[in-house]
Amino acid sequence: MPPAPLLELRAVAKSFGGVAALKGVDFTLDAGEIHGLVGENGAGKSTLMKIIAGVHAGDQGEMRLAGDVVRFRSARDARAAGIGMVHQELAIVPTLSVAENVLLGMQPRNRLGFIDWPAMIAIAKRHLENLGLVVDPRAEMASLPLGMQQLIEIARVLFSGARLIILDEPTSALSPPEITRLFALLKRLRAEGRSFIFISHFLDDVLAICDRVTVFRNGAKAGAARVGDIDKAWLIERMIGAGHHELEESYLGEIQLRGPEGAADAAVVLAAEGLGRGTSFQDVSLTVRAGEVLGIYGFMGSGQLDLARALFGKTPPERGILRIEGRAVRLRNTTRARRAGLAFVPESRRSMLFALEPLYKNMSISVLDRLARLWLKPKREREIARRHIAQLSIRPAQPDRPLGTLSGGNQQKVALAKWLTFAPKVLLLSEPTRGMDVGAKEDVVRIVRRLRNEGLAIIVASAEPETVLALADRILVMRKGRIAREFANETVSKDRLLAAA
Ligand SMILES: Nc1ncnc2c1ncn2[C@@H]1O[C@H](COP(=O)(O)OP(=O)(O)OP(=O)(O)O)[C@@H](O)[C@H]1O
Ligand SMILES: [Mg+2]
């Protein structure tokens, strides 16, 4: 008889307030396996993982670990059984040092009961080096690129002794070299006998790193296979049904950029000359015309996200001139930027959404406009929300539901929906499709194109080549804070973008 799987779930069901998130799913994971889990936004992936990690209790079903029935009452129970999880939204403490984050809750203490700093730094240093992570254990977490923070969170889970590690969308904030590094790390740990569940909307990543893959659809299992036996079309078909193969394929080949021709006679809406800020970006000059989508691509940390933030007045540029419709403007803060006609959807949805507030409110409020929105009557707010929910296929389609109960990808759609109500002159989107499934990405492409055709000037900043390729008419590539190359009016592919970055 073959040995029992490391983890086996049978008929696991879970509802939230009468809504079934999981409708009786089976799942198995072998020791020393990297197992991919894919499915549309809201399919139930994170919910199942939270049950495995002891965060949620399942309503029904059975879980076996190495053959024995287990029932975790808390994340601590799961940790004690060797299960660790890196959540979709990072759980690091940004104000603490790297070492403190790695040893969180397990810091060595000296005889007086205080944290033994030298020992802690030394232990963290050794652990990080073993994992091949070059980083100062004393550095403050917040000062590090998001990609490194993510790797350190994985290091933390490993340090806690986990032998089964759940990674919920670990690659969405990583640049290609960081992904390569993460995959090398996973393979090494797999060889040592650790097991992983790897959730991702990047199907290429799943096919590249996983041994097996399970597909969820609407809270149920829609298929499982060895990765060598299937391809991307197989996955997409099980995720959202037949006839959608082209969704992902469209980003794989050569893309013909429309270039400035499409909008050549249109007025320049935003023009920047020689923008610079500290070490984040330098000498950035660019223009965006009405009816044009400008893509700004670069690896994580190459300055494109800082630039987007600066254009919106979040961290104003220190040098250079910015013109909106020909007039020089000084965007010292975001209120001014908004008055000048700029709107911004930041990459971190947590910074702009209110988890406890209902959906419809999140579509009309913004941090700065909380009072200004009083003119919108609740009835009208709900109507607008209903329209956006339909247009973006936001699920569940309930305007009154607290935002925090939506799946990650659906929260991202809500963040975008707001700007459909208050159409600005310039729309800045930072990582607009992060965490979205292939179908949702397609919705975003459709909406961005519509806004462009209505005459908006749009800037899309992203570290995902697929995102800029799918959305942009013209692409600037940033490297180390500078514009390294422009692609316009020519064909471009993922490979050519990566080569320029
Ligand atoms: N705490 C909660 N309260 C109420 N409903 C919830 C809660 N957590 C999840 N849900 C609901 O359960 C369903 C499954 O959500 P889940 O987060 O597991 O999806 P997912 O597959 O991880 O999606 P994504 O790819 O967008 O992260 C969704 O309909 C979601 O709205
Ligand atoms: Mg999720």
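Trainee: What does the secondary structure of the protein chain come to?

Mentor: Keep in mind that the model is predicted. The protein chain has 17 helices and 22 strands. Its radius of gyration is 23 Å, close to the 23 Å that the globule rule gives for 501 residues, so the chain is as compact as a globular protein of that length.

Trainee: What box do the C-alpha atoms fill?

Mentor: Roughly 75 × 50 × 45 Å, taken along the principal axes.

Trainee: And how much of the protein chain is buried?

Mentor: Buried residues are 46% of the 501. On contacts, take the pairs at least 6 apart in sequence: 69% of those join residues at least 24 apart.

Trainee: Which domains is the protein chain divided into?

Mentor: Domain 1 covers 7-95 + 140-247. Domain 2 covers 250-341 + 425-501. Domain 3 is 354-423.

Trainee: How many residues of domain 2 are in contact with domain 3?

Mentor: 14 residues of domain 2, and they meet 10 residues of domain 3. On the domain 2 side, α11 (334-339) and α15 (438-453) each supply at least two residues. α15 gives the most, with four residues.

Trainee: What classes of residue are on that side of domain 2?

Mentor: Seven nonpolar, three polar and four charged residues make up the side that touches domain 3.

Trainee: Switching to ligand 1. Which residues come nearest?

Mentor: Phe16, Ala21, Ser46, Ser407 and Gly409, out of 19 residues around ligand 1. The elements that give two or more residues to the shell are α1 (45-52) and α14 (408-421).

Trainee: Which domains does the shell draw at least three residues from?

Mentor: Domain 1 and domain 3, each with at least three residues.

Trainee: How do the residues of the shell divide by class?

Mentor: Five are nonpolar, 12 are polar and two are charged.

Trainee: Now strand β8. Is it buried or exposed?

Mentor: β8 spans residues 195-199, and five of the five are buried, so the strand is largely enclosed by the rest of the structure.

Trainee: Which residues point which way from β8?

Mentor: Ser195, Ile197 and Ile199 point one way, while Phe196 and Phe198 point the other way. In a regular strand the side chains alternate between the two faces of the sheet. Here the residues pointing either way from β8 are all buried.

Trainee: What about pairing? In which sense do β3 and β8 pair?

Mentor: Parallel, over four bridges, with β3 being residues 34-39. Gly36 has Phe198 of β8 as its bridge partner.

Trainee: And how many bridges join β7 to β8?

Mentor: Five, and these two strands also run parallel, with β7 at residues 164-168. Ile166 has Ile197 of β8 as its bridge partner.

Trainee: Next, helix α10. How many of its residues are buried?

Mentor: Eight of its eight residues, 304-311, are buried, and the helix is mostly covered. Among them are Leu305, Leu307 and Leu311, and also Asp306 and Arg309.

Trainee: What covers the buried residues of α10?

Mentor: The cover includes β12 (268-277), β13 (281-289) and β14 (292-297). It also includes β18 (426-430), β19 (457-462) and β20 (474-479).

Trainee: And what follows α10?

Mentor: Gly313 comes after α10, and its phi is positive, near 80°.

Trainee: On to backbone details. Which residues does a cis peptide bond join?

Mentor: Arg395 and Pro396, with omega at about -5°. Pro396 sits in the loop between α13 (378-391) and α14.

Trainee: What is phi of Glu325?

Mentor: Near 50°, which is a positive value in a residue other than glycine. Glu325 lies in the loop between β15 (319-324) and β16 (327-329). With 16 other C-beta atoms within 10 Å, Glu325 is partly exposed.

Trainee: And what about Glu431, what phi does it have?

Mentor: About 45°, positive although Glu431 is not a glycine. Glu431 is in the loop between β18 and α15.

Trainee: Why does Glu431 count as buried?

Mentor: Because it has 24 C-beta neighbours inside 10 Å, and the cut-off for buried is 20 or more. Glu325 has 16 and is partly exposed.

Key: Residues are numbered from 1 along each chain as its sequence is written. Chains are lettered from A and ligands numbered from 1 in the order in which they are written. This is a predicted model: local features need pLDDT of at least 70, side-chain atom pairs count only at pLDDT 80 or more; totals for chains, interfaces and linings use all residues. A residue is buried if 20 or more other C-beta atoms lie within 10 Å of its own, exposed if 12 or fewer, and partly exposed in between; C-beta atoms are placed from the backbone. Two strands pair if DSSP finds at least two bridges between them. The radius of gyration is taken over C-alpha atoms; the globule rule is 2.2 Å times the number of residues to the power 0.38. Two residues are in contact if their C-beta atoms, placed from the backbone, lie within 7 Å. A residue is near a molecule or strand if its C-beta atom, placed from the backbone, lies within 6 Å of it. Ala, Val, Leu, Ile, Met, Phe, Trp, Tyr, Cys and Pro count as nonpolar, Asp, Glu, Lys and Arg as charged, and the others, Gly among them, as polar. Domain bounds come from an automatic or database domain assignment.
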